[in-house]
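The model below is predicted.

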Amino acid sequence: MPSTALPTRTQVAIIGAGPAGLLLGQLLHKAGIDAVILEQRSGEYVLGRIRAGVIEQTTVDLLERAGVSARMHAEGLPHDGFELCIDGQRSRIDLHARTGGKRVTVYGQTEITRDLMVARAEEGLTTVYEANNVEVLDFAGDTPRVRFQHQGRNHELRCDFIAGCDGFHGVCRASVPQASLRTFEKVYPFGWLGILADVPPVAHELIYVRHERGFALCSMRSATRSRYYLQCSLDDKVAQWSDQAFWDELKRRVDPAAAAALVTGPSIEKSIAPLRSFVTEPMRFGRLFLAGDAAHIVPPTGAKGLNLAASDVQFLAEALTEHYQEKSAAGLDGYSARALARIWKAERFSWWFTSLMHKFPDNAGFGDRMQQAELDYLLQSEAAQTAMAENYVGLQMVR
């Protein structure tokens with residue numbers, strides 16, 4: 001789109017064109033609310049980001065409401081359970097049986113982003129990629145503005161509300177006065193080395209591995225594309241890990257049957273991600289609302305990052321719809337508390353699962369025995385497995 005065609009007024013300015021921003025834009029469009037999305041990166045860059053792939057039933061339902069679920073239903077992989085591999089022995093957690101028939105779906109975040117991009121383009125809705133030097137202004141008052149540069153020109157977008165969907169390092173949270181923020185953070189003493197390869201998955205369902213050498217995860221994006229992870233040191237560099245070194249180490253950590261069945265191949269993406277838990281309170285600052293990674297981060301162990309972003313977006317879309325259609329501020333006033341109630345439960349589960357399955361450098365002795373006792377209880381108790389399954393498939397939305 002030529003820079004001269006950019007709008008100067010909208011109802012909701014959405015900062016960030018990841019899945020949170022795009023999904024919010026789609027839901028608002030369905031409700032007849034105008035929104036412009038601004039994204040610092042190019043569309044190609046956004047689609048190139050490799051992220052999560054396990055989505056809860058509530059997220060599936062939301063994508064259906066947004067009208068972007070057809071390809072997910074055609075290509076996604078429904079999973080009724082997952083496996084825990086503890087020191088070479090596998091046990092299955094039956095999600096379907098322990099949650100009254102609920103399940104999760106494996107469908108890559110990249111594919112969700114692509115579906116939302118296509119839907120937005122087909123509707124002729126405005127997304128400005130490569131919007132540089134974005135500034136969110138006057139959100140404490142009634143006339144917020146967003147300034148940015150695009151194709152070498154300065155622009156200003158006036159709006160009723162600003163939705164900060166621009167991630168952990170984005171401009172929106174950084175623009176809030178520090179005295180208005182309260183943050184909570186835990187940084188874990190290890191990272192995940194991830195590899196993506198066009199090889200069939202080693203198993204039909206995910207395998208979470210606890211091993212003396214460290215955590216591992218066997219996951220997938222499709223029936224022909226696999227995603228594997230290894231716990232690694234924060235000092236490790238991707239260049240230190242050849243594909244062969246990765247596959248060899250993965251085989252050491254999984255059970256013998258999985259090691260024998262593992263199909264290896266060249267990586268098409270390899271990266272190291274640090275793990276952290278992070279929450280910002282509140283999530284509303286006047287007419288600026290934070291959603292997704294701009295407000296919270298979870299370690300990927302519990303597969304909650306994308307799902308939490310989707311629930312934030314659902315709450316915010318409902319609140320904005322109530323504002324415009326019913327002239328009520330109740331939803332907007334309650335947005336932060338409502339979102340945080342779900343966020344903290346997911347943070348707890350992700351922290352617990354991470355603490356249970358990883359090798360901690362200072363955990364020798366008492367800490368290690370506590371992990372073993374917790375795992376023994378989990379594998380022997382139907383009640384414990386039910387609690388784990390309920391959290392994994394996603395807790396009920398609080399109205």
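Strand β17, residues 267-281, is joined to β20 by two bridges, and the two strands run antiparallel. Within this pairing, Phe278 has Ile297 of β20 as its bridge partner. Helix α11, spanning residues 330-357, packs on the sheet and touches β5 (81-86), β13 (182-197), β14 (207-210), β17 and β20. The direction of α11 makes about 125° with that of β17.

The sheet in question is open and is formed by eight strands with mixed pairing. Their order is β6-β5-β14-β15-β16-β13-β17-β20. At the edges stand β6 (89-94) and β20 (296-297); each has a single partner strand, so one side of each is left without a neighbour in the sheet. In general, strands of a sheet pair through backbone hydrogen bonds, in either a parallel or an antiparallel manner.

A further set of pairings involves strand β1, residues 12-15. Four bridges join β1 to β2 (residues 35-38), and this pair runs parallel. Together with helix α1 (residues 19-30), β1 and β2 make a right-handed β-α-β unit. Strand β1 is also joined by four bridges to β12 (residues 161-164), again in parallel. Here the bridge partner of Ile14 is Ala163 in β12.

What covers the case of the side chains is a simple rule: in a regular strand they alternate between the two faces of the sheet. In β1, Val12 and Ile14 lie on one side, with Ala13 and Ile15 on the other. All four are buried, and both faces of β1 are covered.

How values were computed:
Residues are numbered from 1 along each chain as its sequence is written. This is a predicted model: local features need pLDDT of at least 70, side-chain atom pairs count only at pLDDT 80 or more; totals for chains, interfaces and linings use all residues. Side-chain values use heavy atoms; hydrogens and water are left out. Two strands pair if DSSP finds at least two bridges between them. Contact means heavy atoms within 4.5 Å. Axes are lines fitted to C-alpha atoms, for helices over the stretch in contact, and angles run from 0 to 180 degrees between N-to-C directions. Buried means under 20% relative accessible area, exposed over 50%, partly exposed in between (1.4 Å probe, protein chains only). A crossover is right-handed if, with the strands pointing away from the viewer, the path from the first strand over the helix to the second runs clockwise.
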